[in-house]
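User: Hi! I am new to reading protein models and would like to learn how to look at one. Could you take me through it step by step?

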Amino acid sequence: VRNVRIDTLSKGYRRRVGFAVSLLGNAPILLLDEPTDGLDPNQKAHLLGLIDDMSKEKTIIISTHLLDEAASVADRILIMHKGIIKMDGDLESILKRTSTISLENAFIKLTR
């Protein structure tokens, strides 16, 4: 797709091109908004693996509603509701403090 206009690519392909462009400057902090949106399961797994690998050398901040993905790659999680931080910590501490068994249940409990 080297000579194809970006606006003619699929949503998933545009997402991957956007991710690649975000890496060009090699910034120490990478901010990603819903990075796996529009990707198929194989592409999601690949991208999450890349994010996990890159997190060893740079700070990566992800904004997402996909809590299972957040739980799988995040060292630190902030749960926000209406602009207010409701909980901040690693997955284990959030589950313990909310007496829940999943990040999704913790989110629901904190945002009702």
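User: At what angle do helix α4 and helix α5 pack, and how far apart are their axes?

Analyst: Let us start with the ground rules. This is a predicted model, where local features need pLDDT of at least 70 and side-chain atom pairs count only at pLDDT 80 or more, while totals for chains, interfaces and linings use all residues. Residues are numbered from 1 along each chain as its sequence is written, and side-chain values use heavy atoms, with hydrogens and water left out. Helices (H or I, at least four residues) and strands (E, at least two) are DSSP runs, numbered from the N terminus. An axis is a line fitted to C-alpha atoms, for helices over the stretch in contact, and angles run from 0 to 180 degrees between N-to-C directions. Here, α4 (residues 91-98) and α5 (residues 103-111) pack at about 50°, with their axes 10 Å apart. That makes α4 oblique to α5; angles under 35 degrees count as roughly parallel, over 145 as roughly antiparallel, 65 to 115 as roughly perpendicular and the rest as oblique.

User: Which residues of α4 and α5 meet?

Analyst: Contact means heavy atoms within 4.5 Å. From α4 come Leu 91, Ile 94, Leu 95 and Thr 98, and they meet Leu 103, Ala 106, Lys 109 and Leu 110 of α5. These divide into six nonpolar, one polar and one charged. For sorting, Ala, Val, Leu, Ile, Met, Phe, Trp, Tyr, Cys and Pro count as nonpolar, Asp, Glu, Lys and Arg as charged, and the others, Gly among them, as polar.

User: How do the axes of α1 and α2 cross?

Analyst: They cross at roughly 15° and come within 12 Å, so α1 and α2 are roughly parallel to each other. On the α1 side the contact is made by Arg 16, Phe 19 and Leu 23, and on the α2 side by Gln 43, Leu 47, Leu 50, Ile 51 and Met 54. This contact, too, divides into six nonpolar residues, one polar and one charged.

User: How many salt bridges does the structure hold?

Analyst: First the idea: side chains of opposite charge can pair when their charged atoms come close. A salt bridge is a side-chain nitrogen of Lys or Arg within 4 Å of a carboxyl oxygen of Asp or Glu. The structure holds six of them. One joins Arg 5 and Asp 7, with the closest N and O atoms 2.7 Å apart, and both residues are exposed. For exposure, buried means under 20% relative accessible area, exposed over 50%, and partly exposed in between (1.4 Å probe, protein chains only).

User: Which parts does the salt bridge of Arg 15 and Asp 37 tie together?

Analyst: In that pair, N to O is 3.5 Å. Arg 15 lies in α1 (residues 11-23) and Asp 37 in the loop between β1 (29-33) and α2 (41-54), so the bridge ties together parts 22 residues apart in sequence. Arg 15 is partly exposed, at 26% relative accessible area, and Asp 37 is partly exposed too, at 31%.

User: Is Met 87 buried or exposed?

Analyst: Met 87, in strand β4, counts as buried because its relative accessibility is 11%. Leaving aside neighbours within four places in sequence, Met 87 is in contact with Ile 77, Leu 78, Ile 79, Ile 94, Arg 97, Thr 98 and Leu 110.
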